[in-house]
There are 2 protein chains.
Amino acid sequence: MRKNIGYIFVFSILLALKNQLNPIGGRLLTRKPIVSIVSAGLSKFGKRRGLFGRELFVEATSEAFEKCPNLDPRKDIKAAFIGMMSESLEHQGHTGPTVLDWAGLLPIQAFRTEGACGSSATAIRCGIFAIRSGLADIVLVGGVEKMTHRNTADVTEYLAMACDFPFEQWNGLTFPGLFAMVATAHMHKYSTTEEQMALVAVKNHHHGALNPKAHMQKEVPLEKAMSSRVIAWPLKLYDCSLITDGASCLVLSKPELARKFTDTPVHIIGSGQASDTIGLYERKEFTSLKAGRLAAQEAYKMAGVEASTIDVAEVHDCFTIAEILAYEDLGFCKPGEGGPFIEEGQSHIGGSVAVCTSGGLKAKGHPVGATGTAQAYEIYLQLTGQAGKRQVKGAEIGLTHNVGGLGATGVVNIYSRE
Amino acid sequence: MRKNIGYIFVFSILLALKNQLNPIGGRLLTRKPIVSIVSAGLSKFGKRRGLFGRELFVEATSEAFEKCPNLDPRKDIKAAFIGMMSESLEHQGHTGPTVLDWAGLLPIQAFRTEGACGSSATAIRCGIFAIRSGLADIVLVGGVEKMTHRNTADVTEYLAMACDFPFEQWNGLTFPGLFAMVATAHMHKYSTTEEQMALVAVKNHHHGALNPKAHMQKEVPLEKAMSSRVIAWPLKLYDCSLITDGASCLVLSKPELARKFTDTPVHIIGSGQASDTIGLYERKEFTSLKAGRLAAQEAYKMAGVEASTIDVAEVHDCFTIAEILAYEDLGFCKPGEGGPFIEEGQSHIGGSVAVCTSGGLKAKGHPVGATGTAQAYEIYLQLTGQAGKRQVKGAEIGLTHNVGGLGATGVVNIYSRE
């Protein structure tokens, strides 16, 4: 009888382990992979004069394909999802076949996904759907935006198409103004300071100085950030992300195939997406971006991890206040504590979670359509130990947080190395 | 021994039947459903003055939801994919959350898909991926475009963003010019005539006159079509589709759930998509749209049907020559025989395959982002016996053929009633 109980005990332990672990390629993983990143590419970010967006995209795919010699791109890839925000910038829509043509990937089925600044994060989501459907084992996801050939006023206008036309754009509101309202609401409710926001810029420019692909690779001291010209009070020049040219991509496979292409796959283990009102005027709260919060909850639940487990995160720092909101929406700290969180250095490399080690949208740059997959590229580097001077030691679990517009689209993905 | 052979024979028959038939909801179907359409909606097409695109979209979802009382849209729908081509027309991007907000569907995850005039067909493809992934059992797919508030020159320019900027748009080429080159190539190679093209217009306007939601509901006699003013020779006014406002949607479910929502589900049994060069100047042939041809091959193979099986089809008649190409690319006739095919009345209701019974892009209208799902809406009506005066008797198998730009995107879906 005692012996039987012993057997039952051992059996129960094994069953619990089986439910916990997930066999992929003969290995037992502690967390269940949804899809795997087997390669990734990123163009140099910056002012890329004389190049079309499609050429930047080829720069990204060339890196991804060169790093993955076992991949025969035109044969193996079954679908491509490409994020791009604005047809107006290059007077060019129909982005899917356009960039695939230049990348030598025709006649692979190609989709453009648009979710404003979250466009390529939604491409990752579509890639996940395609792979999990069983209809495409390997997909390319990516994004591109060519911006710096247009003047700032034009770019600001085109980006404003991601907020509400009849009620916001029409009245002259653009994103600096909208995020300024978010910032003043946060300051009013939680006593967040201009200096705390500036500290986000200081941190991300510090990280950007360590990233050879970043648009701006120089330190910005606190005094410089604080004394820069006001764009829309309380947001100053250094509170704003950069207008940048760039492209990014990931090669995703179903987890069972990942080891065929790489010895160091990174698995997406959780993913969430939600929507919010297009207009800020429709919201009950200005101090949190609900779609990002809901997306995070879904992603954490799917991954079976908590905020405290995240080692490294790329969050949507389109304005410094947006990074502070992200700390709170992602549960890195409590609501209202985002200001002290940056002040205490909690989001620095070496802090409780290293945030925007790439330099973020703030210093690496924000070619809007490319940003979502560029965030995933940084996490891929970090979890495979390829992040050079900005490497977070022992990083195992990463997160990306990409929002579109003023958070009408929110996408969060969680990544694990094997 | 003889008895055993008898058993083996019966067993083989049963096995063959099992592979042939597919059990869904206790019923045996002869063709395997990928996803099911459980409801559909279409706004009135036409000049819809004083309305935003998002309001037209609500007109479409209202119809779909009213027809499906067992659906609790905000609770049951897990994702929405919305096709829209041009942010420039309404100075509004970020279409996913914008239209979902107005349709009362927040915070459901929302994606805009763009594949030029094939935008909402790519939304259907994404919907298929999402459902087959098991991550979303019920999804909304749809499309919208508001166009008639802009002047024709602006619309022509915005649409031209779906062809190549540096090599085509830059040199003044727009779609009437591009399709005129296709038409002259077809005339040169196959002796296709202007009158044969005009007959496509006559047929589709005849069908449009039977569709209360069509933009133009009047007959166009052959003489009128032939004598209309030249837009880009040989294409005349009546060879061109209409600039139209409209929206459309489908509620898709996984097949096992379809009967919960409707007694007359229509199943998508085959689906294909491919890409081609963005520029016409890169093509070896002008007389066929390769992406549409490849998409058709994939869809036929998946569905296990042949072109001759199709009872009713909505094809991409953006210009009359495009419908003639579609007959050939879809295998309704041999290459070069598209002209005689329309002349013989083969594509009329009562012919070998009824093509564009809705009136098509030609008469129903072509609000570009809405067209793909609007085509599926017509097939849904035909296969559920709801097509009124234009009903194709006994229609069982339908097809939609939607191309983007000059065929750089091609999507074909095949549908079956139960």
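Colleague: Leaving out residues up to four places away in sequence, which residues does A:Cys68 touch?

Modeller: This is a predicted model, and in it A:Cys68 touches A:Val38, A:Ser39, A:Val251, A:Phe261 and A:Thr262. A:Cys68 itself sits in the loop between α2 (53-66) and α3 (73-76) of chain A.

Colleague: What makes A:Cys68 count as partly exposed?

Modeller: The label needs a count between the two cut-offs, where 20 or more neighbours would be buried and 12 or fewer exposed. A:Cys68 has 19 C-beta neighbours inside 10 Å, so it counts as partly exposed.

Colleague: And why is A:Ala162 called buried?

Modeller: The cut-off for buried is 20 or more other C-beta atoms within 10 Å. A:Ala162 has 31 of them, and therefore it is buried. A:Ala162 also lies in a loop, the one between α7 (152-159) and α8 (175-190) of chain A.

Colleague: Which residues are in contact with A:Ala162, leaving aside neighbours within four places in sequence?

Modeller: They come from both chains: A:Met85, A:Ala116, A:Cys117, A:Gly404 and A:Gly405, together with B:Gly93 and B:His94.

Colleague: Let me step back to the whole chain. What makes chain A as compact as a globular protein of its length?

Modeller: Chain A has 16 helices and 14 strands. Its radius of gyration is 21 Å, close to the 22 Å that the globule rule gives for 418 residues, so chain A is as compact as a globular protein of that length. Buried residues make up 62% of those 418 residues. Of the contacts in chain A with a separation of 6 or more, 78% join residues 24 or more positions apart.

Colleague: Why are the two copies said to be related as by a two-fold rotation axis?

Modeller: A rotation of 180° with 0.0 Å of shift along its axis superposes chain B on chain A, with an RMSD of 0.0 Å. The two copies are therefore related as by a two-fold rotation axis. Among the residues of chain B, B:Ser133 comes closest to that axis, its C-alpha being 1.8 Å away.

Colleague: How do you know that the copies meet through the same surface?

Modeller: 100% of the interface residues of chain B are also interface residues in chain A, so the copies meet through the same surface. The contact takes 52 residues from chain B and 52 residues from chain A. β5(B) gives the most to the side of chain B that touches chain A, with 6 residues.

Colleague: What makes α12(B) largely enclosed by the rest of the structure?

Modeller: 11 of the 14 residues of α12(B) are buried, so this helix is largely enclosed. Those buried residues, including B:Leu294, B:Tyr300 and B:Met302, pack against β10 (266-275), α13 (320-329), β13 (397-404) and β14 (409-417) of chain B. From first C-alpha to last, α12(B) reaches 20 Å, close to the 20 Å expected at 1.5 Å a residue. Just after α12(B), B:Gly304 takes a positive phi of about 70°.

Colleague: What makes you call α13(B) mostly covered?

Modeller: 10 of its 10 residues are buried. What covers them includes α8 (175-190), α9 (194-208), α12, α14 (338-343), β12 (354-355) and β13 of chain B. B:Gly331, with a positive phi near 80°, follows α13(B).

Colleague: Finally, which residues touch the most other members of the largest nonpolar core?

Modeller: Of its 284 residues, they are A:Ala80, A:Val139 and A:Phe179, along with B:Ala80, B:Val139 and B:Phe179. A:Ala80, for instance, is in contact with residues including A:Leu100, A:Ile108 and A:Val139.

Note on methods: Residues are numbered from 1 along each chain as its sequence is written. Chains are lettered from A and ligands numbered from 1 in the order in which they are written. This is a predicted model: local features need pLDDT of at least 70, side-chain atom pairs count only at pLDDT 80 or more; totals for chains, interfaces and linings use all residues. Helices (H or I, at least four residues) and strands (E, at least two) are DSSP runs, numbered from the N terminus. The radius of gyration is taken over C-alpha atoms; the globule rule is 2.2 Å times the number of residues to the power 0.38. Two residues are in contact if their C-beta atoms, placed from the backbone, lie within 7 Å. The expected span of a helix is 1.5 Å times one less than its number of residues. Copies are superposed by least squares on the C-alpha atoms of residues with pLDDT of at least 70 in both. A nonpolar core is a set of buried Ala, Val, Leu, Ile, Met, Phe, Trp, Tyr and Cys residues joined through C-beta atoms within 7 Å.
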